[in-house]
Amino acid sequence: MLTVWGRRTSSNVQALMWGIGELGLPYRRIDAGHIHGVTDTPAFRAMNPNGTVPVLLDGDGDPIWETGAILRYLAGRYAAAPFWPAEGAGRARIDQWAEWAKINITLGFTAPIFWRVVRTAPSRRDPAAIEAALAKLDPFLDIAEAQLARGACLAGDDFTLADIQFGHVLFRYFDIAIPRRDRPALRRYYDALATRPPFREHVMLSYEELRVLD
Ligand SMILES: N[C@@H](CCC(=O)N[C@@H](CS)C(=O)NCC(=O)O)C(=O)O
C-alpha cells in the first residue's frame, strides 16, 4: 500500500496523485502542508528535510520526495512501456519532455503566475510582473503547441510520464483569469486530459483554499 503525504491543493501532489490514479494503484493520502501543517514536525523532516510535499512511502520502504523521482519510482516498479520505457533511448525521449515541462512550464507557471494571480491579494497584485511571467512562459507553450500538433501527447502519440509532469498545471492555466494566446493543439490536448477520470479526480480541483483576499 502506498502512503502519500500532501494536501490535495498542491500542484506537485496533484501530479503524483494523477499518476497513481493512472496506474490504478491503491493508496492512502495524509493531508500535510499549507493550512494542514505537519511539514515542520521532526517526524516529517526526518522523511523529507525540505519540508515539502509530496512524500511517498511504499510499504516499509524509505520515504521518497521530489515528484519526478516519485513518479519514476512508481513507473519503474508498477508501470510498463509506453508510460516509461525500460530501454534507454525510449526512456530518455520521455524524460527529456518530463524535465523540460518541470523546469519550463510548471516552474514558469506556478510561482510566477498562479501565485501572483491567486495567492496574492488583489490590492497587492503586480500586473506588470504577471505580464512579464506570461511573456516568459509563452515561447515554451509555443514549443508545446508545435509538439502537440504532431502527436496526441507531449512525447508522441502515447500517454506517458511526461504528460503528468506537463499536464497537471493546465487545469489552473486554463482556469485562472489571465490572457491566453490561441493554441488549438494545446487546447485539444487539455480537453482530452479533462476526459480522463484520474485527471478529473486529482487535478481538476478547487483552489479557493489557496486564494488570498484583501
Ligand atoms: N521540487 C519539489 C517541490 C515540492 C514543493 O515545493 N511542494 C510544495 C507544494 S506544490 C510545498 O510543499 N509547499 C509548502 C506547503 O505546502 O506547505 C517536487 O517536485 O516535489
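**View 1. Val 55 stands opposite Trp 65 in E4.** This is a predicted model, where local features need pLDDT of at least 70 and side-chain atom pairs count only at pLDDT 80 or more, while totals for chains, interfaces and linings use all residues. Residues are numbered from 1 along each chain as its sequence is written. Strands here are DSSP runs of E with at least two residues, helices are runs of H or I with at least four, and both are numbered from the N terminus.

**View 2. Four strands make up an open sheet.** Read across, the order goes E2-E1-E3-E4, and the pairing is mixed. Two strands count as paired if DSSP finds at least two bridges between them. Out at the edges sit E2 (27-30) and E4 (64-65), each pairing on one side only.

**View 3. Helix H1 lies across E1 and E2.** H1 covers residues 11-23, E1 covers 2-5, and the helix runs at about 160 degrees to E1. Axes are lines fitted to C-alpha atoms (for helices, over the stretch in contact), with angles from 0 to 180 degrees between N-to-C directions.

**View 4. H1 packs with H3 at an angle of about 10 degrees.** Their axes are 10 Å apart. That angle makes H1 roughly parallel to H3, a label for angles under 35 degrees. On the H1 side we have Asn 12, Ala 15, Leu 16, Gly 19, Ile 20 and Leu 23, which meet Thr 67, Ile 70, Leu 71, Leu 74 and Tyr 78 in H3. Contact means C-beta atoms, placed from the backbone, within 7 Å. By class, the contact has 8 nonpolar, 3 polar and no charged residues; Ala, Val, Leu, Ile, Met, Phe, Trp, Tyr, Cys and Pro count as nonpolar, Asp, Glu, Lys and Arg as charged, and the others, Gly among them, as polar.

Key:
Contact = placed C-beta atoms within 7 Å. Parallel < 35°, antiparallel > 145°, perpendicular 65-115°, else oblique.
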